[in-house]
Amino acid sequence: MKFFIDTADLTEIRSLASSGLLDGVTTNPSLIAKNGGVFAKVIAEICEIIPGPVSAEVAGTEYDQIMAEAKVLRKIADNVCIKVPLTMDGLRACKHLSNDGTMVNVTLCFSAAQALLAAKSGASFISPFVGRVDDIGWDGMQLISDIVDIYNNYDFKTEVLVASIRGPNHVIEAAKMGAHVATLPPAVLRSLFNHPLTDKGLATFLADWAKTGQSIV
Ligand code: E4P
């Protein structure tokens with residue numbers, strides 16, 4: 001499973017990139033607004049830190065505007081992935097951009113039917129939002145399971161990028177289902193390292209090691 005980080009916070013991206021675990025980054029207009037800075041400059045800096053796909057979302061909703069914005073965004077760096085909304089115009093743009101060899105992430109997916117359309121439009125990634133589906137009392141993980149099954153049935157090349165992740169369980173369930181990518185808020189990625197027995201075991205080992213009076217270097 002690939003790990004993307006779901007943030008536009010350059011300090012967090014730099015810090016987590018040092019773990020060697022990051023395969024890409026996703027941003028959206030809300031994350032860009034939250035962190036501030038000039039959009040194109042922020043994306044360019046992220047692309048320098050992380051060589052994998054970096055999703056930059058268009059703000060246009062009409063086909064012509066989406067294509068015009070995609071043209072600007074994809075010039076920022078070779079690893080920019082154009083993020084388009086799951087609408088008819090968004091998928092039309094997706095088809096065109098994908099045919100031209102541009103990576104496209106189709107966002108705001110809330111149903112298996114939408115995911116099927118995105119795959120047929122040649123998307124590199126489909127982003128189903130598990131947390132927001134859970135928020136309205138539906139089953140976000142069932143959505144992931146359905147999409148993975150459908151894509152496997154037809155051998156679609158589109159990768160399932162699990163988005164709107166709220167905690168470690170979403171990540172583990174998605175991995176069990178064989179989803180290709182999870183995009184994690186920084187706090188969720190950090191939480192994956194933690195286990196109380198690791199902390200307890202390490203404290204014991206360090207205390208016992210100190211009793212030996214030795215040092216390794
Ligand atoms: C990522 O591409 C999505 O925009 C993001 O995961 C949405 O997450 P949220 O529902 O926590 O805003």
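Predicted model: local features only at pLDDT ≥ 70, side-chain atom pairs only at ≥ 80, totals over all residues.
Residues are numbered from 1 along each chain as its sequence is written, and side-chain values use heavy atoms, with hydrogens and water left out.

**View 1. Side chains of strand S7 (residues 159-162).** Strands here are DSSP E runs of at least two residues, and helices are H or I runs of at least four, numbered from the N terminus. In a regular strand the side chains alternate between the two faces of the sheet. Here Glu159 and Leu161 point one way, while Val160 and Val162 point the other. All of them are buried, meaning under 20% relative accessible area (1.4 Å probe, protein chains only).

**View 2. S7 and its partner strands.** Strands pair if DSSP finds at least two bridges between them. S6 (residues 125-128) runs parallel to S7, with two bridges, and Ile126 sits opposite Val160. S8 (residues 181-184) is also joined to S7 in parallel by two bridges; there, Val162 has Ala182 as its bridge partner.

View 3. Oxygen atoms of the ligand lie 2.8 Å from a side-chain N or O atom of Asn28, 2.6 Å from one of Lys83 and 2.8 Å from one of Arg166.

Methods. Buried < 20%, exposed > 50% of the residue type's maximum accessible area, 1.4 Å probe, protein only. Polar contact = N/O pair within 3.5 Å; in protein donor to acceptor, adjacent residues only side chain to side chain.
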